[in-house]
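Here is a short note for a colleague who is opening this structure for the first time. Please read the points with the structure in view.

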Amino acid sequence: MTTPLLQLKDLNVTYAVGEQEVPAVRGVDLTLDPGGTLGVAGESGSGKSTVAMSVLRLLPSTATITGEIVLDGEDVTAMKWGRLRAVRWAEASVVFQGAMHALNPVRKIGDQIAEPLRLHPPSGKSLTDAEVDARVAELLTQVDLPPGRAGAYPHELSGGQKQRVMIAMALACSPRLIIADEPTTALDVIVQAQVLDLLSRLVAEQDIGLIMISHDLSVLAATCKRIAVMYDGQIVEEGPSAEVMGSPKHEHTRALAAAFPTVGDPVSRFAPATSNPLPPEPSERVVGEPLLAAENLRVSFRDRTGKRIDAVAGVDLTVSRDEIVALVGQSGSGKTTLARTLLGLQKPDSGVVRYAGNPVPSGGAGLKAYRRQVQLVLQDPTSALNPAHTVYEAVAEGPRIHKLADERAVVHRALEAAELRPAEKYADRLPHQLSGGQRQRVVIAGALALEPSVVVADEPVASLDASVRGEILGLLLRLRRELGLAALVITHDLGLAWNIADRVAVMYRGELVETGTVEQVLLDPRHEYTKSLLAALPGGTAQRRTVPN
Amino acid sequence: MTAPEQAAVLVDPDERRGGTGTARFVLKKILEAVISVVLVVVLFFFLFRMLPGDPVAAMTRDRVTSPQQIAELREKMGVDKPVFVQFGQYFWNLLHGDLGESRLLNNGRPVADMIGERLWPTILLVGSATILAVVIGLWLGIRAAWRRDSLFDRTQTGIALTLWSVPQFWLGLMLLVVTNGLFPSRGMHSPDAAPDVLSQTLDVLHHLVLPCVTLLAVFYAQYMLIMRSSLLGEMNADYLTTARAKGLREDLVRRRHAVPNALLPTTTLVFMQFGMVVSGAVTVEAVFSWPGLGQLTYDALHGPDLPVLQGVFTVLASAVVLMNLLAELLYRVLDPRVRTS
Amino acid sequence: MTTAETPRQIAWSRRRASIARTWQEFAGQRAALVGLILLGATVVVALLLPLISDESGLDVTKATGEPLSPPTGDFWLGTDNFGRSVLLMTVWGSRISLLVGFSAALLSVVIGTVIGITAAHFGGWVSATLLRFTDFFLVLPSLILAIALSAVLPKGVGTIIVAIGLTAWPSTARLVRAQTLTIESRPYIERSHALGGGHLHVIGKHVLPGVMPLVLANTTLVVGNAVIADATLSFLGVGDPNSVTWGLVLESALNNGAISRGAWWNVLPPGIAIVLVVLFFTLVGRGLETVLNPRLKK
């Protein structure tokens, strides 16, 4: 039997917070064979990043590590600083989350890739400048970047390119292990697929062991042979990827898996992972007249050079009573601008927004009246709530602006409708005393307090943990079924559309390239772009099947 | 790779933006600075010629003046003409290097000449103090930030904060009292210094010590505090973790990664604080009778000689505007993020 | 709801709790607390002076001591060139300094806050113009402007207050503008707009409460600067010649031969007084900043 590349034995990490020792990792055992790939899944706060950073002892000084971290037969926890510095990057390197911040903004990327080469010369004697340049060029070529880009600064590169630079840097000293901490989290789905593909190809080619940390089980399943699921500092499940994905044993694994449904899987259609049972579909469901409509809407901005860029380039879209429409697209596709224009927060260059057939006024009392009908739910509930306002004040803000009678009853009803029950329990709490999911419910309650007929939700679950995601989606679906509330849900996540939407509109570079029912668009895409979006899904799509209505 | 990513890889950002960005930026900044200087001229014209109502009355305030002198002044200054004519005349003269004439000091010498001969002592004083303050301030700031909450940090921050609370002229007075004749207390030259270059230089340096120390004491403290907080802001940056993960020694992490990032905003701030240095120079020169623009201001205030004040302040404020322009251009050169965007 | 509390009462009790929390954090910083206590003592003494001390000793004609006498049993801090008690002048000097400091700071902070919020909130040409305006005055040395103003206006305490107040606002405006922009970039402002809130609602409910703590901390720092500026103006001879101020005592020390004769007791006390008062304000201001500025929290 070969010696394992990395072995964690009863690893415990605690952080000193004030006087207290807060455990972050509790008794973790993991083994990785040379050239093996292991995914570590978990929500924020599960301890997965702490595990990853402990391997090279990169934790802040408040952390205390006990247990053993055996890297290539040597215990990292027992190393002296000099030895540890020699091992860092030469034996094991790291691809950090969000390469935007992990690269030094004022140094050329070529220099940053070359830095570890000079520090840990592969043959033991230092390299000449020409050798370093040649190696940097070789590394850039390996990650599909032109070698000429070595002279670029990080801000001149796109997010995907920066992550490629991080990978090139990680490969520089031909380490035996690469630790990738959420390497694709901030990236669009298509770029994510490319980066994942590149990373798995390179580690396989060069026989490098890989530990990948992610909150997204499908990403890990696409890249790693084995997956370990962490919850509250412990590993609750470990096994081959297919097994963990296919038949999760621990309840938390099931929640994680359900958060990223397979598009085309009839089990997850109209069934977000929620603990409350959903009401049945109303028997007489008439998708009514269009409530909110965009007609040939155009919005443009000037970029820094003064050139006009069409963020929204001629969009027609309707949302009717009692339906959920998902607006799908990558970041930069113009979907958020479209949403802001629909809400009257952004003036269109041309085209009209209609509500119930009438054009929406651009200001004054008419716009204010419109705002009672169409409401907004934002992506990140933490920043969507004023940290100094209580739940009551946040929800009452709308009713006060519109001078609604009987404010307390209105707020009470809205909180209950958003499933914050009993309302009294939450009324005088501050946002930081609530969980992420509860905060998003407060934002939704704030919108519901005005009793709107349409809700525009901009990435309503993108910043929430997997287990909460299903609950919020369930709430939106429930509101539709119970109140007939229409919703336009803006998302980059096709699984979300599959979970709750009736219709999908796909946006690409300011235009709607494809619109139709969820089944039409996601199972039988016509447009190239929709196809490439679906192809980039890490979990793939289920075979086309007849879908029960 | 598919379309968007590939396109982004292949298009060079420099090509996309074209090479005209920097030239346009420089021109724009120079234009802004010129506008600012014109505004400075207008502002001080308004302050010294319009605000006092009758400028002649204000000029002769607190002193005995004969009616004949007043009538002469009126005609000379053209106060009976409309405002814009007066300003036009003033501005036209200014463009020709004529800042008017001193009324009450030195019997009608051209203000421009007076400023010309006082300029170099001020540049010597301000220049030497700024350079020393920057070097000392940045060095202490880096050390203090890196050992946050250490004895060194707390002592240095405490000293800096105390110095920040000290009025500069009082520090000068105290130095005079404390050194008690060790250094010359007035002026820039001793009459008895030997005429050779070395002796003259040493003599000037001897005179320079006290004013320079007074000026730099307060400004080094400020630069130190700026550098310290700027570096503290970088301390938790993710790229430092990357540098540590690469196996870099802690001092190299600091030197190669943290300090260059923190240095950028500090450098610009140092330049932008130039106005404060100039203000400081005015009071310090008054204390030590250093024959520069500050001393001239002090004398003119006691006149009061408004044309001289107007001229000196216009020159000082314009110098500050120009230093600010330099700061903005320098930032452009130093920071790659600004350079290419 | 079963409790008898109305939402307004809840809001008030919460606000009280938040003030108490801020106070506890502030009081936890020893330096800031010491600064506040000493500052409070100074203000109380300055206010009560007419009750506990005789002003007549400040009058040149009624001076009782020998000129430039070193500290003695009668004159603990010696006398000036007219034979007046330096101690008495230093203590009485606090009144003008604090008056000018507080009034000028208030004036400049009000101007700065209004300009800062307006420049950040409204956008378009209003913002652009105000921003240029602020930048222009930010670059200019404010002391020079203050000297210019006090040289042309009639001499007096009022002129000094106006001269400092009208020239010290740009840094406050800059700070308030930055903080307003930060607050307005938060999604809860977008949410507030989407709920139908207008300019007044957004400024009153979100921006002002968010900016005020910083303005408060900034004010204490501005008072310190104003005290120094006041002393400097007096020293340069453009202050009020008829009131006893620290700057004036120092000016007379330089010009009436006290320094050349080594009369350190004419220089040390007023200077120490300035430094202490400014230091108290700085300590309190930095303490407040640490507690109230979210960016400085670790």
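**Notes on the model**

1. Start with the pairing of strand 1 and strand 2 of chain A. Nine bridges join these two antiparallel strands. Across this pairing, A:Thr14 faces A:Pro23 of strand 2. The two strands make a hairpin, with two residues between them. A:Gly18 sits in the turn and has a positive phi of about 60°.

2. This is a predicted model. Its scores are ipTM 0.84 and pTM 0.80. For chain C, the average pLDDT is 85, and 95% of the residues reach at least 70. Within chain C, confidence is lowest in helix 1 (residues 7-27), where the mean is 78. Confidence is highest in helix 6 (residues 157-167) of chain C, at 93. Where pLDDT is low, predicted coordinates should not be read in detail.

3. Strand 4 (residues 63-71) of chain A runs antiparallel to strand 1 (residues 6-17), and eight bridges join them. Here A:Asn12 stands opposite A:Thr66 of strand 4. These strands belong to an open sheet of four strands in chain A, in the order 2-1-4-5, with antiparallel pairing. Which strands are at the edges of this sheet? They are strand 2 (20-32) and strand 5 (74-75) of chain A, and each pairs on one side only.

4. Check A:Asp10 while you are there. This residue lies in strand 1 of chain A. Most residues other than glycine have a negative phi.

5. Chain A holds another open sheet of four strands, ordered 12-11-14-15 and paired antiparallel. Strand 12 (308-320) and strand 15 (358-359) of chain A stand at its edges with a single partner strand each, so one side of each lacks a neighbour in the sheet. Strand 14 (residues 350-355) of chain A runs antiparallel to strand 15, and two bridges join them. In that pairing, A:Tyr355 has A:Asn358 of strand 15 as its bridge partner.

6. Now step back to chain A as a whole. It has 21 helices and 20 strands. Its radius of gyration is 25 Å, close to the 24 Å that the globule rule gives for 549 residues, so chain A is as compact as a globular protein of that length. Along the principal axes, the C-alpha trace of chain A spans about 75 × 50 × 50 Å.

7. One peptide bond in chain A deserves a look. The bond from A:Arg421 to A:Pro422 is cis, with omega near -10°. A:Pro422 is in the loop between helix 15 (407-417) and helix 16 (423-427) of chain A. Most peptide bonds are trans.

8. How many residues of chain A are in contact with chain B? There are 34, and they meet 27 residues of chain B. On the chain A side, the elements that give two or more residues are helix 2 (81-87), helix 3 (99-102), helix 4 (109-119), helix 6 (159-171) and helix 7 (189-205). By class, the residues on this side of chain A are 18 nonpolar, 10 polar and six charged.

9. The axes of helix 10 (residues 197-234) and helix 12 (residues 250-272) of chain B come within 9 Å and cross at roughly 145°. The crossing is right-handed. Helix 10 of chain B contributes residues including B:Tyr223, B:Ile226 and B:Met227, while helix 12 of chain B contributes B:Pro265 and B:Leu269, among others. The contact between these two helices has 10 nonpolar, three polar and one charged residues.

10. Chain C has 11 helices and zero strands. Its C-alpha trace spans about 75 × 50 × 35 Å along the principal axes. What does chain C bring to its contact with chain B? It gives 31 residues, against 39 residues from chain B. The elements of chain C that supply two or more residues to this side are helix 4 (124-139), helix 5 (142-152), helix 9 (199-235), helix 10 (246-255) and helix 11 (268-292). This side of chain C divides into 25 nonpolar, six polar and no charged residues.

Conventions. Residues are numbered from 1 along each chain as its sequence is written. Chains are lettered from A and ligands numbered from 1 in the order in which they are written. This is a predicted model: local features need pLDDT of at least 70, side-chain atom pairs count only at pLDDT 80 or more; totals for chains, interfaces and linings use all residues. pLDDT is the predictor's confidence in each residue, from 0 to 100. Two residues are in contact if their C-beta atoms, placed from the backbone, lie within 7 Å. Ala, Val, Leu, Ile, Met, Phe, Trp, Tyr, Cys and Pro count as nonpolar, Asp, Glu, Lys and Arg as charged, and the others, Gly among them, as polar. Axes are lines fitted to C-alpha atoms, for helices over the stretch in contact, and angles run from 0 to 180 degrees between N-to-C directions. A crossing is left-handed if the near helix is turned anticlockwise from the far one by less than a right angle, and right-handed if clockwise. Two strands pair if DSSP finds at least two bridges between them. The radius of gyration is taken over C-alpha atoms; the globule rule is 2.2 Å times the number of residues to the power 0.38.
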